[in-house]
Amino acid sequence: MKTIYKLKLNIMKKITTLFLILTISLTSYGTHLMGGQIVATNIGNYDYQVEFTAYRDTVGVPMQLVAAFNVFEQDTSGAWNLLFTSTVNYDTTSGGLMPSVVTVYGVEVYTFIDTITLPGDGYYAISWDDCCRNGAIINMSNPLNESMKLSTFITVDSLNPNSSPSFITPPVSYLPANTLWQYNPLPFDPDGDSLSWSLAVPLSSQGTVNGYEFLSDSAYSDSAAVFSLDSITGSLTWSAKLVGHFVASFIVEEYRNGVSIGSVRRDMQFIVIADTSKSMPQISNMQSVPTNSGGYPYVMLSPNQNYQLHLLASDADINDIVNVIGFGEPFDLTNSPATLSVNSTGNGNEVQATFSWTPDLSAVRVNPYIAVFRVSDQMFYFDETIQFEVSMLSSIDDNTSVTHKAIYPNPVNNRIYIPINLKEGKVISINIYNILGKKVYQSGSMNLQAGEHLILKDTELESGQYLVNIIDNYGNIIKNEKVVVVR
């Protein structure tokens, strides 16, 4: 089923009612809770693995290393009945399922994993809460006295197995003020159910928290980039107006055949700091990625053909170390997953991230795959989202070994992009000649696989007309194209 990301500004009345009637006794008293989520994954019959992840500021009373989940079932009248409470200890002996506490920028990550057995088909709620939230939160009136409550709702049907949605990319804690920032949590449903986003008021054990204000309010967002979710890609965009701590609560609701079958709530805390000495890392050549009619980065791929995308990332702070990480379904496929390699270009702190994917026939589908490329400088993160569609319609029907695409930009100032699509692997080299026929540049041999390639070249040439000549190792001309350099 086609995945749909739909922004809803108000939580649905039914979900609100369900959250309000669930009550849980407090089992521990850790403070400075920042966010988290509960994910329920079907592992066979009525058995579910429940994974609860909590994020906590390192300042405050230490978090108890025990989590208690309350499991409710909805009866035919719509009432919720407590079935049982399951308690699980935090440990590191579960074959890597429970990672150790990791401290990043003063944020601790706690993961608790439990296995529960539900009594049969029905509609269930799994919930947890604890006290208290971070007292520094600005967009609620009394956060230090508010507990944090998380719940997941799931329909269980033995004939149609169902797992709740999960999030592929980890949350980001820090971002700069008055700076365009993008983050994509990449919600993913393992069953292929449709997903619908909503922003909601965060919950406490007593209901909704007091005095909450949405971050889209003009008090918290610059008009140039109001806090919002993209309805197509799920990407979050924000330019924060104030320095401080802020919380947003998201609900991802899953639909099957047009019917709601469950939801997951995720709370996230954002720490906005003054950006006086640090620059935001960026991918500098996103304009080289093809776009669809809606203007979104969108790449059409053919099965059994290798595709390579070369992304350049850098940071204006020359002493920063830049890295790129890839997230998304293409990297997690069982058959022919995508890969991402990152290497220095030798140009300051610039790196080139090479995305390579040879999808097989099993990857063909109407619904595009969504991948996130996260560039970081060890302080800030910026996400770029690209959709990849694997389709038989994108196959090349001619019998030539090379598909020609124009070199761009043309005229060029200091960097050109040379696209080449090979039906078979070749060893190629690039030569550039000036208007007098003198060779002014010669590359080394490049051994390219079959598929699409985008070769980047810093020109360092004077203004004038040039001929870009690409040949294979047998001397066959692959491409001759004129370019104009303007300085």
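This dialogue walks through selected features of a predicted model.

Reader: Where should I begin with a predicted model, and what is the mean pLDDT of the protein chain?

Author: Begin with confidence. Where pLDDT is low, the predicted coordinates should not be read in detail. Here the protein chain has a mean pLDDT of 83. Of its residues, 86% reach 70 or more.

Reader: Over which residues is the pLDDT below 50?

Author: Residues 1-30 are one such stretch. Beyond near neighbours in sequence, that stretch still has 101 contacts in the model. Residues 93-104 also have pLDDT below 50. That stretch has 24 contacts beyond near neighbours in sequence.

Reader: Now a strand. Which residues of strand 13 point one way, and which the other?

Author: In a regular strand the side chains alternate between the two faces of the sheet. Strand 13 covers residues 194-200. Ser194, Ser196, Ser198 and Ala200 point one way. Leu195, Trp197 and Leu199 point the other way.

Reader: Is strand 13 mostly covered or uncovered?

Author: Mostly covered. Seven of its seven residues are buried. That holds for the residues pointing either way.

Reader: How many bridges join strand 13 to strand 18?

Author: Seven, and the two strands run antiparallel. Strand 18 spans residues 244-256. To find your place in the pair, look at Trp197, which stands opposite Val252 in strand 18.

Reader: How many bridges join strand 23 to strand 26?

Author: Six, in an antiparallel pair. Strand 26 is residues 369-376. Phe327 has Val372 as its bridge partner in strand 26.

Reader: And a hairpin? Which residue takes a positive phi in the hairpin of strand 30 and strand 31?

Author: Gly437, with phi near 85 degrees. Four residues lie between the strands of this hairpin. Strand 30 (426-434) and strand 31 (439-442) pair in the antiparallel sense over three bridges. Ile432 stands opposite Tyr441 in strand 31.

Reader: Where does a residue other than glycine have a positive phi?

Author: Leu186 is one case, with phi near 50 degrees. Leu186 sits in the loop between strand 11 (181-183) and strand 12 (187-188). Gln378 is another case: not a glycine, yet its phi is about 75 degrees. Gln378 lies in the loop between strand 26 and strand 27 (381-390).

Reader: Is Leu186 buried or exposed? And Gln378, buried or exposed?

Author: Compare accessibility with the cut-offs. Leu186 has 3% relative accessibility, so it counts as buried, because buried means under 20%. Gln378 has 53%, so it counts as exposed, because exposed means over 50%.

Reader: Which cysteines form a disulfide?

Author: A disulfide is a covalent bond between the sulfur atoms of two cysteines. The count here is one disulfide. Cys131 and Cys132 form it, with sulfur atoms 1.6 Å apart. The torsion about their S-S bond is about 55 degrees, so the disulfide is right-handed. Cys131 and Cys132 are both buried.

Reader: What is the peptide bond from Cys131 to Cys132, cis or trans?

Author: Cis, with omega near 10 degrees. Cys132 lies in the loop between strand 7 (122-131) and strand 8 (147-156). The peptide bond from Asn410 to Pro411 is also cis, with omega near 10 degrees. Pro411 is in the loop between strand 28 (402-404) and strand 29 (415-422).

Note on methods: Residues numbered from 1 in each chain as written. Predicted model: local features only at pLDDT ≥ 70, side-chain atom pairs only at ≥ 80, totals over all residues. Heavy atoms only, no water. Buried < 20%, exposed > 50% of the residue type's maximum accessible area, 1.4 Å probe, protein only. Pairing = 2+ DSSP bridges. pLDDT = per-residue confidence, 0-100. Contact = heavy atoms within 4.5 Å. Disulfide = S-S within 2.5 Å.
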